[in-house]
Amino acid sequence: MSVANDDEPSYIDYETFLDPGFSPAAFANTLVLATNNPNDAPLDLSTPLSRVLFDIQEIDSHIDVLTTRSAIPLLTHTKEQTDASGRIIGELDTQIKALNDSYKQLEKEVIQKHAEAEEVRLVASRLWETLKLGRAVGRALQLGRQLQVQHAELTGSASTTVTTSSASLRSKEDHRSLVRCAHTLLSLRELFSTANVPGSEGYGIERVAVVRTLRDNIYLPTERSVRESAERIIREFSMGSASGTLTFAQSEETRARTVSGLTTLYLLSPTTLAKNEKWSPTLMLQSLESYLRTALQSSTASLSRALATLPSLERTLADVTARCQNVVALEAVLEATKIPSHPLVQGQQATTTKTGGNMLQPLLAYLETGSLASYFWRTMASTLAPRVQEIMNKGGVSARTLRTNRQNVGEAIRECVVKGCVLPSAVAGAAAGDRVRSDEIKDGERAGRWEREVAVMVGSVVNSIGR
């Protein structure tokens, strides 16, 4: 090394201090051990400390000598480095100035224009959102006005507010407007249901006050009115009574009204489902179930009273027969009515359409039965048996008369079941499938087709009477 090879000799071991693995603690320990006995209790640290101080003084003196001797070369070298740095800075200043000018030009041509373009993009985006919202609001208002007109056609008035009596209102009612109202309501429902779905047609539409007014004052009341009208049509369905049946024209009108009511309830059934829940026409099924339940309750109550007072049994059985014939006629209408296309449940509706294709299949599956007539008689039999048993337990004239006429009562109920399972004459000719006119069916064939229902009904009464 240059220091070690200097003309003036030095006792300092520079190699030790320049070693990359030099450790001050290890060097100090070596000095202490070299100048002391390890077994001595008090160590003498003055000698190694003096050694270190002498070494430092030697190095300091050597540095002074070197700097004094090499002062001119060091100053010359420093001056050369300073001059070179000045020249470099001079060159860099020109380049930096050019770079700054280029950046200013770039900022003017790109960054400022990009900021302006971003503002334009933001304005265009907001204008597009406003346009979409305006179109959605316009469509909602158009559908609302269309709904008002259709509802006015339904009620037969010039406006949605009517003051006529229910009888005159019903006579003017156009049942075909029910289906048109239902489709318009579905379009509005679809628009309202996507109000919180980004990117959809109706996104943000509920933030508009006029749309909220449309929903609260027109959409919801009209939907309720249309649903109630359709439910009333189902509730009042009748193809005849014990006193007589409808004409062919009247039956066709009743059929058309019923189909409109069924289609409306099918379309207006709720489409908001829980996870993994399958869609079903709940409004239609509940309305039909209510119709059947009312017919069953009326028939069971009147037949129970008639069994307690036998002179009225014939008239009561005629009424029960008429109710069951209405149920059979309703079944024929359901079987002949194809399932309408539902715009909001197309995927879930495909399976139902493949398996049935008509409105009867969902109802039979809902009631878990094979036919409505069978459901009618079997349900009535299950509720009638306890009431007959109650009459017999009370005793008295009613029980004795019923026991005496046990055979006649059983035969009358058998005839009631057989006649009740036959379509009304006005419906039988136009019924779908393998149904035939009632006057072409022999008594034996009727009983054979419904022998199980006959046995269940007769047994529920006769078996409870006893011998």
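Predicted model: local features only at pLDDT ≥ 70, side-chain atom pairs only at ≥ 80, totals over all residues.
**Entry 1: α6 and α7**

I started with α6 and helix α7 (residues 209-235), which pack at an angle of about 140° with their axes 10 Å apart. That makes α6 oblique to α7; angles under 35 degrees count as roughly parallel, over 145 as roughly antiparallel, 65 to 115 as roughly perpendicular, and the rest as oblique. I noted that axes are lines fitted to C-alpha atoms, for helices over the stretch in contact, and that angles run from 0 to 180 degrees between N-to-C directions. Helices (H or I, at least four residues) and strands (E, at least two) are DSSP runs, numbered from the N terminus.

Residues are numbered from 1 along each chain as its sequence is written, and side-chain values use heavy atoms, with hydrogens and water left out.

Back to the pair: α6 passes α7 in a left-handed crossing (the near helix is turned anticlockwise from the far one by less than a right angle; clockwise would be right-handed). On the α6 side I found Leu178, Cys181, Leu185, Leu188, Arg189 and Phe192 in the contact (heavy atoms within 4.5 Å). The α7 side includes Val211, Leu214, Arg215 and Tyr219. By class I get eleven nonpolar, one polar and three charged residues; Ala, Val, Leu, Ile, Met, Phe, Trp, Tyr, Cys and Pro count as nonpolar, Asp, Glu, Lys and Arg as charged, and the others, Gly among them, as polar.

**Entry 2: Arg215**

I looked up arginine 215, which is found in helix α7. Arginine 215 is partly exposed, with a relative accessible area of 22% (buried is under 20%, exposed over 50%, partly exposed in between, with a 1.4 Å probe and protein chains only). Leaving out residues up to four places away in sequence, arginine 215 touches Phe192, Glu206, Leu220 and Pro221. I checked phenylalanine 192 too: 23 residues from arginine 215 in sequence, and 8.5 Å from C-alpha to C-alpha.

**Entry 3: α6 again, with α4**

Next I took helix α4 (residues 71-155) and helix α6 (residues 176-193), whose axes come within 9 Å and cross at roughly 160°. They are therefore roughly antiparallel to each other. α4 passes α6 in a left-handed crossing. By class, this contact has ten nonpolar, seven polar and three charged residues.

**Entry 4: α10 and α15**

Helix α10 (residues 313-336) and helix α15 (residues 406-420) pack at about 25°, with axes 8 Å apart. I can therefore call α10 and α15 roughly parallel to each other. α10 passes α15 in a right-handed crossing. Among the contact residues I saw Val320 and Cys324 of α10, and Cys416 and Gly420 of α15.

In helix α12 (residues 360-367), the buried residues are Leu360, Pro362, Leu363, Leu364 and Leu367. Just after α12, glutamate 368 takes a positive phi of about 55°.
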